[in-house]
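Student: Could you take me through the salt bridges of this model with care, and then look closely at the parts of the chain that they touch? I would like the cut-offs stated along the way.

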Amino acid sequence: MNRKICIHCHFYQPPRENPWLEDVEMQDSAFPFHDWNERITDECYRRNGVSRILDANNKTSDIFNNYAKISFNFGPTLLIWMEKHKPEVYQRILDADKASIDQFGGHGSAIAQAYNHMIMPLCNTRDKQTQVVWGIEDFRRRFNRQPEGMWLPETAVDIPSLEALARNGIRFTILAPYQAAAIRRIGAEQWHKINGHELDTRKAYLCKLPSGAQIVLFFYNNSVAQRVAYGNLISNGDVLANEMLDHFDSNPSRPQLSHIATDGETYGHHYRHGDMALAYCLHSIETKQKADLTVYGQFLEECPPEDEVQIHENTSWSCSHGVERWKSNCGCSTDPALNGKQEWRGPLRNALDWLRDQLAPIYEQGAAKLMSDPWGMRDRYIRVILDRSSDRVEDFLSECMGKTPSDEQIVTMLRLFEIQRNAMLMYTSCGWFFNDISGLETTQILRYAARAMQLASDLTKIDFEPEFENRLLQAPSSYRGVANGKEVYQKMVKPSRIDIHGVAAHTAISALFDDYIEEKVVYCFKAYTREYQQLEMGTQKLAIGRTAIYSNILHAQNEMDHIVLYFGSHNLTCGVANRMPDERFYQARDQIVGAFKNDDTAEVIRLMNLFFGENTYSLWHLFRDALHQILYKLLQTTWDEINALFRHIYEQNYTVMKLMRNMQMVLPKPLAVPAEFVLSQNVMNTLFAEPLDIRRLEAVAREIAELSLQIDEPEARLRCSRRLDQLMQRLRSDPLNLELLNTASRAIKIVVAIMPHVGLEEVQNLFFIVKQQAYEQMSERAQAGDQQAIEWESTFHTLANYLNIAVPQLQVQK
């Protein structure tokens, strides 16, 4: 068939990791999820791996892995996070690529991406090369094959970027049609200027490069892509399928490709149920057989280019002014009211360019003392980023040096490489994309800049920050509270900086509230307690100890002494010092402990300042996740008091509230709020109890119904959803167990009744697995007259109905 359809999805999130901790901390704006990566994974990435196909009755008839049927790329930094935090979603993506290789003639769905979404035309030559190499190596490590194509961030393109792709074995990339400048038949002399509306996007084009290399370019159908991303095409999968089919000739003599490219987050995050529309579109195309689904690599093999193309350099898909969005006040923004108010973009890029050029010679000169090819080894440093084990690090650095490095050399070289890694992360494109320099994405790239400067200062003792801040002074802010980039840096970035003393302080403070352990993982650090003593006097606590902090990134270990004095509630003070001589530490310990036992708080504080006064900390210096947990612990007494008060109000007024509802009266808030609180707690306590008491849960549900209360709020929904997932996981492990099936079915019925919007996606996924495991077997046994199997089958259909899943009815032989 000469009609080919390809839908490409660019899946990407800006790196959100704390540059000092190498992980994403809690983001309250993503509530009830831990952070935005987790939220968008739930809304989009997970769902596209297990999307639903609905039948004529709007019941789920099948689960569909969209990734196996589309072309896609994932940002490498996003996959690093996903592999660690959402391994089941990550694995579905990898499995889909493997499955697609069989479907698409040996060509996989996945293509690579330039590593951390830098705007390639604005990169210097060395960074272009490293971004491509790191993207390729990350892809090979995950997908176990060489990528055929590579996504250019924001499709931003120039000839040197295409040269970098071709030089590293990339066969094709994808651009917007208005990025094509001229075309001609291969072998012809005359070029024909062309605009995006005139370009035939249904074919591949060859781009010959000045070096003699060449690369294939695909130009997606912009009209359809725009209506998917910003219109209503994504609301109906059948309509989208028909739109894709409408762009072929009536009877093409040569293969034609109808294809689009959009942000992958369109399908689920930007548009709820967008993943289902995509799934039905793909399903419709396959079942109606009016076209073949394909991917770019397969189409290129079957239909090599007959035409060549020249590009408009320094252009992109998301800025009508080329690549100005990432370096000037071009007028592009996400808020029309702020169009033309991005004067900060140019000074921000200038400041980062200045910093990059300050850091480059530090790296080059420092690395040249230890290795012969500093920039070539930077390209290969991706191997360490992907595997930071001691063996991998030592092997890599031995390759760099040509001999086994000393411990000191290991730390020095890793510090140099990390300067360069952060110096590229600080150019992540999202830092310029939005409306103001005070935005989350921009402060994030400034944190990478701060980390790079800190690492460089540790090596050179040069303070780069004053000049960097002065350059940011030229970047105005439109928001209240900060006037310019310098204030953004000082108020929003500097306070987030962490050093080794801060890690030791976090370890010491959190130990007061957690069970004592000798070895503790703190993000990318390990804390080893050498000595520890804790005393209590009434509400006050004193803890003093010695700890070694090991960095998994720099492979450096620092010995620290620390002390914490806790006054009760949220009041404490902590001091951290580099390891003292033993005699001085024990002198400090004995004097401070003596003063504490004598209830002489003033003397304790004086001695703490004397021995540990250089680096002092409070509760608010804890890392964000631990701070949340400890604050909740400190508030436990308050929670208990509220719970007791609300239960008293509820129990004393239950009869009156029931009478009011029988009379169709609206419950006044002073009664409704405590009742909702108590009954929500009752639901959680009952649902999470082991073993689950279904009758008790039913009783709580009746109380909620009788009083017409609403407990369907986001955090409760998320918790209940995860509990139902657990019940279905148990059934998956023992699918023939009728008792487990009954428990899951009844629990789901009750929870859905009191929380109509509870998330059941993973429950449905597990239901389909149980169906595959057991349904056919139990159906056969039921037809043979097995009464337990008949009951199992009946309960299974009941559960399917609660989950809105279509299952063929069993015909029992009589």
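Tutor: A search of the whole structure finds 60 salt bridges, a salt bridge being a side-chain nitrogen of Lys or Arg within 4 Å of a carboxyl oxygen of Asp or Glu. The model is a predicted one, in which local features need pLDDT of at least 70 and side-chain atom pairs count only at pLDDT 80 or more, while totals for chains, interfaces and linings use all residues. Residues are numbered from 1 along each chain as its sequence is written, and side-chain values use heavy atoms, with hydrogens and water left out.

One of these pairs is Lys-84 with Asp-23, whose closest N and O atoms are 2.9 Å apart. Lys-84 counts as exposed because its relative accessibility is 53%, whereas Asp-23, with a relative accessible area of 8%, is buried; buried means under 20% relative accessible area, exposed over 50%, and partly exposed in between (1.4 Å probe, protein chains only).

A second pair, Arg-46 with Asp-42, also has its closest N and O atoms 2.9 Å apart, but both residues lie in helix α1, four residues apart, which is about one turn of the helix. Arg-46 is buried, with a relative accessible area of 9%.

Helix α1 also takes part in a helix packing. Helix α1 (residues 36-49) and helix α2 (residues 76-85) pack at an angle of about 90°, with their axes 11 Å apart, where axes are lines fitted to C-alpha atoms, for helices over the stretch in contact, and angles run from 0 to 180 degrees between N-to-C directions. That makes α1 roughly perpendicular to α2, since angles under 35 degrees count as roughly parallel, over 145 as roughly antiparallel, 65 to 115 as roughly perpendicular and the rest as oblique. On the α1 side the contact is made by Asn-37, Glu-38, Thr-41 and Tyr-45, and on the α2 side by Leu-78, Trp-81 and Met-82, contact meaning heavy atoms within 4.5 Å. These residues divide into four nonpolar, two polar and one charged, where Ala, Val, Leu, Ile, Met, Phe, Trp, Tyr, Cys and Pro count as nonpolar, Asp, Glu, Lys and Arg as charged, and the others, Gly among them, as polar.

Elsewhere in the chain, the side chains of Lys-633 and Asp-514 meet in a salt bridge of 3.0 Å, N to O. Lys-633 belongs to helix α22 (residues 624-634) and Asp-514 to the loop between α19 (500-511) and β15 (519-522), so this pair ties together parts that are 119 residues apart in sequence. Lys-633 is partly exposed, with a relative accessible area of 43%, and Asp-514 is partly exposed as well, with 34%. Beyond such pairs, Arg-530, Arg-546, Glu-559, Asp-561, Arg-579 and Asp-582 are linked in a network of salt bridges.

Terms used
Helices (H or I, at least four residues) and strands (E, at least two) are DSSP runs, numbered from the N terminus.
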